[in-house]
Amino acid sequence: MSDHVYKILELTGSSATSIEDAVANAIAKAARTVRRMQWFQVLETRGHIADGHVSHWQVTVKVGFTLEE
């Protein structure tokens, strides 16, 4: 097993549906250009309220990926 070195990105995803969808949207978008993503950590969760109800979620995550050899 080789030693790994990780790079960390900070992303913010959003969704009108759920926190989970906001995380998934951020990771899916990053996956289009970032290879070898390995893990994520939720840093912050925010939301927008409209007419007394949650109308939008916004989640900031750290995403770690391994650097290529």
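## A sheet, a helix and a core

Visitor: How many bridges join strand β1 to strand β3?

Guide: Ten bridges link β1 (residues 6-15) with β3 (residues 53-66), and the two strands run antiparallel. Strands here are DSSP runs of E with at least two residues, helices are runs of H or I with at least four, and both are numbered from the N terminus. Two strands count as paired if DSSP finds at least two bridges between them. This is a predicted model, where local features need pLDDT of at least 70 and side-chain atom pairs count only at pLDDT 80 or more, while totals for chains, interfaces and linings use all residues. Residues are numbered from 1 along each chain as its sequence is written, and side-chain values use heavy atoms, with hydrogens and water left out.

Visitor: Which residue of β3 stands opposite Y6?

Guide: That is T66. K7 likewise has F65 of β3 opposite.

Visitor: And how many bridges do β2 and β3 share?

Guide: Twelve, again in the antiparallel sense, with β2 covering residues 37-50. For example, R46 has Q58 in β3 as its bridge partner. The hairpin of β2 and β3 has two residues between the strands, and D51 there takes a positive phi near 55 degrees.

Visitor: In what order do the three strands sit in the sheet?

Guide: The order is β1-β3-β2, in an open sheet with antiparallel pairing. β1 and β2 are the edge strands, since each pairs on one side only. From one strand to the next, the twist averages 15 degrees.

Visitor: Which strands does helix α1 touch?

Guide: α1 (residues 19-31) packs on the sheet and touches β1, β2 and β3, and its direction makes about 130 degrees with that of β1. Such angles run from 0 to 180 degrees between N-to-C directions, using lines fitted to C-alpha atoms, for helices over the stretch in contact. Contact means heavy atoms within 4.5 Å.

Visitor: New topic! Which residues make up the largest nonpolar core?

Guide: There are eight: L11, A22, V23, A26, A30, V59, V61 and V63. α1 and β3 are the elements that give two or more residues to this core, and α1 gives the most, with four. A nonpolar core is a set of buried Ala, Val, Leu, Ile, Met, Phe, Trp, Tyr and Cys residues joined through side-chain atoms within 4.5 Å. In soluble globular proteins, nonpolar side chains tend to be buried together.

Visitor: What about T60, buried or exposed?

Guide: T60 counts as buried because its relative accessibility is 6%. The cut-offs are under 20% relative accessible area for buried and over 50% for exposed, with partly exposed in between (1.4 Å probe, protein chains only). T60 is in β3, and its side chain makes a polar contact with that of T12 at 3.0 Å. A polar contact is a pair of N or O atoms within 3.5 Å; within protein, one must be able to donate a hydrogen and the other to accept it, and residues adjacent in sequence count only if both atoms are side-chain atoms.

Visitor: Why does S15 count as buried?

Guide: S15 counts as buried because its relative accessibility is 7%. S15 belongs to β1, and a polar atom of its side chain lies 3.3 Å from the backbone nitrogen of S18.
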